[in-house]
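Visitor: I am new to this one. Please pick a single part and take me through it closely, then on to what else stands out.

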Amino acid sequence: MELVKLSTTEVEEQLATLPDWGLDQHKLYRHFVFTNFVDAWGFMSQVALLAETANHHPEWSNVYNRVEIHLTTHDADGISERDFALARQINSLL
Ligand SMILES: C[C@H](O)[C@H](O)[C@H]1CNC2=NC(N)=NC(=O)C2=N1
């Protein structure tokens, strides 16, 4: 999959088709709130497997039932198709 940094217009176009994600610090961003820590951790385990399979890894944090995810492509120094691909896979988990 393309490792090219997307233009601002391309990012906006793709974001329009990606529910619940936005931009924060020039990265794709979504936060998730679960019922409890076990559910949050289960979700993170699923995302970790997706990330490892794709060799594309999130920047994320977890506090109890809350998970925050930022996606960017370090090798492209910006947002690439890989970030959108992972974001769509993450959405499909829910
Ligand atoms: C060497 C390895 O393939 C690269 O460092 C991969 C690993 N995971 C990655 N994850 C993310 N988010 N961006 C990258 O550029 C990236 N590069």
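Guide: Start with Tyr-64, in the loop between strand 3 (59-63) and strand 4 (66-71). Helices (H or I, at least four residues) and strands (E, at least two) are DSSP runs, numbered from the N terminus. This is a predicted model: local features need pLDDT of at least 70, side-chain atom pairs count only at pLDDT 80 or more, and totals for chains, interfaces and linings use all residues. Residues are numbered from 1 along each chain as its sequence is written, and side-chain values use heavy atoms, with hydrogens and water left out.

Tyr-64 has a relative accessible area of 51%, so Tyr-64 counts as exposed. The classes are buried (under 20%), exposed (over 50%) and partly exposed (in between), with a 1.4 Å probe and protein chains only. Helix 2 (residues 37-54) gives the patch its largest share, three residues.

Now the ligand. Around it sit Asn-55, His-56, His-57, Thr-72, Thr-73, His-74 and Asp-75, each with a heavy atom within 4 Å. A polar side-chain atom of Asn-55 is 2.7 Å from a ligand oxygen. A backbone N or O atom of His-57 is 2.8 Å from a ligand nitrogen. A polar backbone atom of His-74 lies 3.0 Å from a ligand oxygen. Alone, the ligand exposes 390 Å², and the protein buries 67% of that. These areas come from the Shrake-Rupley method with a 1.4 Å probe; for residues, only the protein chains shown count as cover.

Last, the salt bridges: a side-chain nitrogen of Lys or Arg within 4 Å of a carboxyl oxygen of Asp or Glu. The count is two. Arg-30 pairs with Asp-20, the closest N and O atoms being 3.7 Å apart. Arg-30 is in strand 2 (residues 27-33), and Asp-20 in the loop between helix 1 (8-15) and strand 1 (22-24). Arg-30 is buried at 14%; Asp-20 is exposed at 58%. Lys-27 and Glu-59 make a salt bridge at 2.7 Å, N to O. Lys-27 is in strand 2 and Glu-59 in strand 3, so this pair ties together parts 32 residues apart in sequence. Lys-27 is buried at 18%, while Glu-59 is partly exposed at 26%.

How values were computed. Polar contact = N/O pair within 3.5 Å; in protein donor to acceptor, adjacent residues only side chain to side chain.
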